[in-house]
Amino acid sequence: MRSATPLDFLRGAAPGTRVVVRYRIDDGVTDALGYLISLDATECTVRTRRGDVVVPLDRVEAAKEVPPPPAPRAPRHPAP
């Protein structure tokens, strides 16, 4: 059985799905972790904590769905 490619996954993912997309940059690879906002024939947009990242599809190396982020921790010390 042949596994789906990263692009197959992205094309089938609904907007709002939390994803990690690994893609090539000039000096290596990097990841965009966040929510898939849009996808067209040439690029996808992932909304990360730092803002929207536009990833050219021809640079995608890997992509998958990831679980929601953990809930924020309670403060260690109660506020005065």
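Predicted model: local features only at pLDDT ≥ 70, side-chain atom pairs only at ≥ 80, totals over all residues.
Q: Which backbone oxygen does the side chain of T48 reach?
A: The T48 side chain reaches the backbone oxygen of G51, at 2.7 Å.

Q: Where is T48 found, and is T48 buried or exposed?
A: T48 is found in strand β3. Its relative accessibility is 16%, so T48 counts as buried, the cut-off being under 20%.

Q: What does T48 touch, not counting residues up to four places away in sequence?
A: T48 touches A32, L33, G34 and V53.

Q: Turning to the sheet, what is the order of the strands?
A: The sheet is open and has five strands, in the order β4-β3-β2-β1-β5, with antiparallel pairing. β4 (51-56) and β5 stand at the edges with a single partner strand each, so one side of each has no neighbour in the sheet. From one strand to the next, the twist averages 40°.

Q: How many bridges do β3 and β4 pair over?
A: β3 and β4 pair over six bridges, in the antiparallel sense. T45 stands opposite V54 in β4.

Q: And the largest nonpolar core: which residues touch the most other members?
A: The core has 13 residues, of which L10, V21, C44, V46, V55 and V60 touch the most other members.

Q: Which strand gives the most to this core?
A: β1 gives the most, with three residues.

Q: What is V21 in contact with, leaving aside neighbours within four places in sequence?
A: The contacts of V21 include L10, V46, V55 and V60.

Notes
Residues numbered from 1 in each chain as written. Heavy atoms only, no water. Core = buried A, V, L, I, M, F, W, Y, C linked by side-chain atoms within 4.5 Å. Buried < 20%, exposed > 50% of the residue type's maximum accessible area, 1.4 Å probe, protein only. Helix = DSSP H or I, 4+ residues; strand = E, 2+ residues; numbered from the N terminus. Contact = heavy atoms within 4.5 Å. Pairing = 2+ DSSP bridges. Axes fitted to C-alpha atoms, helices over the stretch in contact; angles between N-to-C directions. Polar contact = N/O pair within 3.5 Å; in protein donor to acceptor, adjacent residues only side chain to side chain.
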